[in-house]
Amino acid sequence: MRTLLGRLGGLVLTLFLASIVIFSAVLLTGDPISALAGGAKPTPELIAQIRADFHLDDPVWTRYWLWLTNALHGDFGRSFVYKTDVVTLVAPRFAVTFQLVLLTVVFILIFGVGSGILAATRGRAVDRTVSMLTSLGMALPTFVVAILLIWIFAKSLGWFPVYGEGDGFWGRLWHLILPAISLAVLFVAYISRITRASLVAQLHSEHVDTARVRGIPRERIFRVHVFRNASPQILAISGTTIAGLFAASAIAEVAFGIGGIGSLLVEAAARADLPVVQIVSLLLVTIFVVLNAVADLVSALIDPTSVAGGSRA
Amino acid sequence: MSVAQIAGGTTPAVARRAAKRDWLVLTALVVFGLVVIIAIIGPWIAPYDPDQLYAGPINGASSLVHPFGTDDLGRDILSRVLVGAGASVFAPIVVVVLSTLLGVAVAVTGAWFGGWVSGGIARIIDVIFAIPGLVIAVLAVAVFGKGLAAPIVALSIAYIPIVARLSQTAASRELGKPYMAALRVQGVSSLAICFRHLVPALIPIVAAQMAIGFGYAMLDLAAISFLGLGQQPPAPDWGSMIANGQAGILAGAPEQSVFPAIFVVVTVLAVGALGGRVTVWAEEKER
């Protein structure tokens with residue numbers, strides 16, 4: 001329990017410090033007035049209004065505090081470019097990103113863990129094949145897989161749409177399949193290796209030999225003695241992987257023209273729309289840190305001895 | 001850690017298998033050597049000016065005159081791949097060197113002083129670790145503007161935690177060895193122990209991390225260029241060429257994206273194999 005509270009404290013402190021880093025991003029840019037005025041030569045009245053609106057004349061810590069308390073109340077400021085409330089901009093896009101990540105996670109768990117189990121249990125030939133495929137998969141970044149999928153399945157075969165996020169459940173699913181595959185490939189390969197390695201380590205352990213000698217059926221040995229003992233490690237690493245997916249999603253979103261928070265972040269960064277960059281970064285960091293903590297917690301619940309290990313993102 | 005950072009990693013089992021297959025390592029070395037040579041002499045061996053418009057047809061297919069085809073502005077893809085190799089290969093090298101220097105400095109400081117210095121450093125590293133590398137890079141672009149400079153600095157900072165944690169563990173272990181105590185008893189100065197004995201002892205493990213880190217950095221920087229935030233047009237690099245070629249794919253000319261993508265993947269595969277070999281070497285040294 002004490003370790004749990006300690007973890008929680010560390011989590012909040014890390015998030016607090018990260019929010020300072022993200023806030024200071026604005027300070028580093030110096031005067032945001034030219035970005036705010038949208039290229040036109042600002043009139044003195046406009047400058048005065050911007051200075052008042054964004055509290056530019058207040059001391060740094062007051063501005064940080066104002067930003068943080070507003071953010072905690074759900075007020076994240078207004079976009080420089082869209083001139084709208086940042087929350088109304090981010091919320092619908094977050095839903096799209098969430099769905100994309102969810103579908104990717106389904107692919108990663110089915111194909112990553114599945115092929116890892118096959119590699120560990122179905123003999124040398126299967127192991128070799130899976131190992132070769134994962135070696136290749138680990139060198140295939142999202143943007144490369146994305147263009148290959150667009151070329152083969154969207155352009156040449158015409159099975160899937162090239163662009164956009166679609167409407168309705170089936171339309172959305174149909175639009176998100178290729179992006180999710182492009183995002184999943186690298187991690188399928190990675191999780192496959194982790195799964196195989198932890199299963200093989202368990203298969204060669206003494207308690208499994210003992211179980212075998214006692215005549216326990218193979219299926220049961222695998223389920224109870226091998227998979228169960230290997231699962232905390234697999235889960236912990238899957239957790240940190242999933243945590244990273246929300247940021248990585250940006251690449252698939254841009255490649256397939258999907259309006260999620262990742263493509264919003266990239267667009268906002270390109271146009272120096274700092275309030276949007278701040279909120280999306282803070283959102284991504286929060287998701288990343290919280291999911292990592294959850295992954296730790298889940299594996300600690302399954303296997304209390306793993307608590308000392310902690311998370312490696 | 002960001003997406004791409006996972007790509008270069010190899011499990012010890014895989015690394016050991018790679019060690020047995022030295023032909024694989026040799027091939028990887030030759031491939032990486034060729035890529036570096038191309039990165040250096042690219043501009044001189046390119047058959048066309050990489051920025052010359054209408055050097056060939058628009059969205060041209062592979063041909064004898066243009067082996068890799070031409071893009072939407074009729075520019076020669078082979079020339080752009082050769083010239084773009086410079087930015088694609090040297091930017092990640094800068095990231096790896098910077099993050100290694102910073103990371104090792106931080107780790108040695110932490111291991112040497114211990115106590116609250118070490119604790120404070122660990123806290124800062126936790127914060128950097130809490131922000132995915134891609135997000136740090138995009139933040140940097142938002143603040144300092146598009147181009148490769150901001151992402152290079154941002155990723156160098158984003159990679160510090162990996163280098164620092166690894167080398168702090170190694171440095172603490174090294175400092176605990178009897179010969180370190182012996183050096184201190186002999187009255188050797190702190191700086192001399194640090195630079196003559198401690199830092200050299202870290203070289204194998206740091207070298208392994210550098211090789212693996214290069215793969216990560218290459219993929220992350222290519223991703224940033226793919227997103228349009230890195231190398232700015234018309235200057236080529238592989239990531240931005242892959243993105244630029246997307247329109248060509250839809251027009252039935254996949255060459256302009258596929259060839260730079262092949263260069264990225266092959267380079268990362270080669271560096272991954274080399275990283276595995278160096279890891280085995282570092283482990284052997286440790287024993």
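Visitor: How many of the residues of chain B count as buried?
Guide: A residue is buried if 20 or more other C-beta atoms, placed from the backbone, lie within 10 Å of its own, exposed if 12 or fewer do, and partly exposed in between. Of the 287 residues of chain B, 54% count as buried. A word on what you are looking at: this is a predicted model, in which local features need pLDDT of at least 70 and side-chain atom pairs count only at pLDDT 80 or more, while totals for chains, interfaces and linings use all residues. Residues are numbered from 1 along each chain as its sequence is written, and chains are lettered from A and ligands numbered from 1 in the order in which they are written.

Visitor: How many helices and strands are there in chain B?
Guide: Helices (H or I, at least four residues) and strands (E, at least two) are DSSP runs, numbered from the N terminus. Chain B has 12 helices and 0 strands. Its C-alpha atoms fill a box of roughly 75 × 45 × 30 Å, taken along the principal axes.

Visitor: What share of the contacts in chain B joins residues 24 or more positions apart?
Guide: Two residues are in contact if their C-beta atoms, placed from the backbone, lie within 7 Å. Among contacts in chain B with a separation of 6 or more, 71% are between residues 24 or more positions apart.

Visitor: Now for a pair of helices. At what angle do α5 and α6 of chain B pack?
Guide: Axes are lines fitted to C-alpha atoms, for helices over the stretch in contact, and angles run from 0 to 180 degrees between N-to-C directions. Helix α5 (residues 133-144) of chain B packs against helix α6 (residues 149-158) of chain B at about 145 degrees, and their axes are 8 Å apart. Residues making the contact include Ile136(B) and Phe144(B) of α5(B), and Pro151(B) and Leu155(B) of α6(B).

Visitor: Which classes of residue make up that contact?
Guide: Ala, Val, Leu, Ile, Met, Phe, Trp, Tyr, Cys and Pro count as nonpolar, Asp, Glu, Lys and Arg as charged, and the others, Gly among them, as polar. The contact of α5(B) with α6(B) has 12 nonpolar, 1 polar and no charged residues.

Visitor: Is α6(B) mostly covered or mostly open, and what covers its buried residues?
Guide: Mostly covered, with 7 of its 10 residues buried. Among the buried ones are Ile152(B), Ser156(B) and Ala158(B). The cover over the buried residues of α6(B) includes α3 (77-113), α4, α5 and α9 (190-226) of chain B.

Visitor: How do α4 and α7 of chain B cross?
Guide: The axes of helix α4 (residues 115-130) of chain B and helix α7 (residues 160-175) of chain B come within 9 Å and cross at roughly 140 degrees. That makes α4(B) oblique to α7(B); angles under 35 degrees count as roughly parallel, over 145 as roughly antiparallel, 65 to 115 as roughly perpendicular and the rest as oblique. Their contact involves Ile125(B), Ile128(B) and Phe129(B) of α4(B), together with Ile160(B), Pro161(B), Ala164(B) and Arg165(B) of α7(B). By class, 6 of these residues are nonpolar, none polar and 1 charged.

Visitor: And how are α10 and α11 of chain A placed?
Guide: The axes of α10(A) and α11(A) come within 7 Å and cross at roughly 85 degrees, and these helices are therefore roughly perpendicular to each other. The contact includes Glu253(A) of α10(A) and Leu265(A) of α11(A). Its residues divide into 4 nonpolar, 3 polar and 1 charged.

Visitor: Where do chains A and B meet, and how many residues of each are in contact?
Guide: 44 residues of chain A are in contact with 41 residues of chain B. The elements giving two or more residues to chain A's side include α1 (2-28), α8 (168-203) and α12 (274-302) of chain A. That side has 37 nonpolar, 5 polar and 2 charged residues.

Visitor: Which residues does Ile147(A) touch?
Guide: Not counting residues up to four places away in sequence, Ile147(A) touches Ile242(B), Gln246(B), Ile249(B), Ser257(B) and Ala261(B).

Visitor: Why does Val101(A) count as buried?
Guide: Because Val101(A) has 23 C-beta neighbours inside 10 Å. Val101(A) lies in helix α5 (residues 86-121) of chain A and touches Leu245(A), Phe246(A) and Ser249(A), leaving aside residues up to four places away in sequence.

Visitor: What kind of peptide bond joins Pro233(B) and Pro234(B)?
Guide: A cis one, with omega about 5 degrees. Pro234(B) sits in the loop between α9 and α10 (238-244) of chain B.
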